[in-house]
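Hello,

Here is the structure I promised to pass on. Please open it first, then read my notes below.

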Amino acid sequence: MEVNGILTYDGCNFLRQRLVLSMLTGKPVRIRNIRAKDAQPGLREYEVSLIRLLDCLSNGSHIEVNISGTSVLFKPGVLLGGILEHSCPNQRGIGYFLEPLFMLAPFCKNSLDITLKGVTNNKIDPSVDMIRYSLMPVMKKFLVTDEGLNLKMTRRGLPPGGGGVVQFTCPVRRTLRAFQWEDSGKVQRIRGVVFTSRVAPTVANRILEAAKGEFLNFLTDVYFTIDNAKGSSPGYGLCASAETNKGSHLSAEAMSDARGEETPEDKLPEDVGREAAWRLLEEVYRGGCVDSTSQPLVLLFMVLAPTDVSKIVLGPLTPYSMHFLRHLRDFFQTKFKIDEHQESSLVGEDDEEEEGPRTGASKLKLTCVGSGYTNISKGQV
């Protein structure tokens, strides 16, 4: 809904989507009734931290928050980028802040070099490992070259203590390019990382063996690295990525319960390994050229591409992606054409075409005409 030239929304859901699209389009946005009926109404600490981060990332942004914190008016400024440092509250992971940065960083005036401190792995947000396996390949595809694009984890930090340190650098671009990405290929190898913190070294091997036991039923090219960190809080987990012969990456992860969480029973390392494996196999079943985590980023870049036709094949859309499509329509007036796409099975070590019925979830082919977005702050490509 638009009131006096200001896009107006109710509720705290999809706050990041609205703020990011406001920054890119320059359209002010008002968000009302943020947990208005909650026992603790208003913005949470991590949401305030995100708004502060966007303010530091830009110049000239104007932010108004009412006394109760239940209403925010955000008038975006110009994206600057540069060298920044930000401490993220431990209630949410660093991934909560990294996802908006991936959407905004290529369109800053200066190359972004930011250091984020906080929780690198939790059960709510995509971990830094997940973002490296999932979002980084998508960024490289759109930026053409990966020169200056890097995501480095200096120190791992698990909840509730946090203490992780991550550095993200990204070059700027004047324009993106239209693309057709319709063939996801077949899975040819699985890679990943097993991480532990302040637990016995044998835990990592137990996770690894349990996960490989599931994957080896389908593929033989399975390899994991082990990261035994010395963080402030104990925990362990696994992040795995399936790579196809067409350059697609499908990722999933699982980790142990944080210290202090009230759970019916503690997860054994074997349970975590199998859970991560099953989640990755579910992503392979869903299929598509990118996984569920990368869907919003791809959809945004399709809209920001030049005024030409872009196409991509995705698995079933997540609820988050569905709402993102609605917000793209509100801010850019861009609509997608969505058709059903027929595709063969993704899993297989050879390229032989198998006759028979299609396997896996129904795939969707999304088509749109780019808005011709240009980074006016960037003088040249």
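**Backbone and cysteine notes**

Gln333 sits in the loop between helix H8 (319-332) and strand S18 (337-341). Keep in mind that this is a predicted model.

Start with the backbone. Most residues other than glycine have a negative phi, and most peptide bonds are trans. Gln333 is not a glycine, yet its phi is positive, about 55°. Its relative accessibility is 54%, so Gln333 counts as exposed.

Arg35 also has a positive phi, near 50°, and is not a glycine. Look for Arg35 in the loop between strand S3 (29-32) and helix H2 (45-57). Is Arg35 buried or exposed? Its relative accessibility is 15%, so Arg35 counts as buried.

Next, the peptide bond. From Pro159 to Pro160 it is cis, with omega near 0°. Pro160 belongs to the loop between strand S10 (150-155) and strand S11 (164-170).

Now the cysteines. Take Cys56. The closest cysteine sulfur to its own is in Cys88, 12 Å away, so that pair is too far apart for a bond. Cys56 counts as partly exposed, at 48% relative accessibility.

Cys289 is another case. Its closest cysteine sulfur is in Cys368, at 15 Å, which is too far for a bond. Cys289 is buried, with a relative accessible area of 1%.

Best wishes

Note on methods
Residues numbered from 1 in each chain as written. Predicted model: local features only at pLDDT ≥ 70, side-chain atom pairs only at ≥ 80, totals over all residues. Heavy atoms only, no water. Helix = DSSP H or I, 4+ residues; strand = E, 2+ residues; numbered from the N terminus. Buried < 20%, exposed > 50% of the residue type's maximum accessible area, 1.4 Å probe, protein only. Disulfide = S-S within 2.5 Å.
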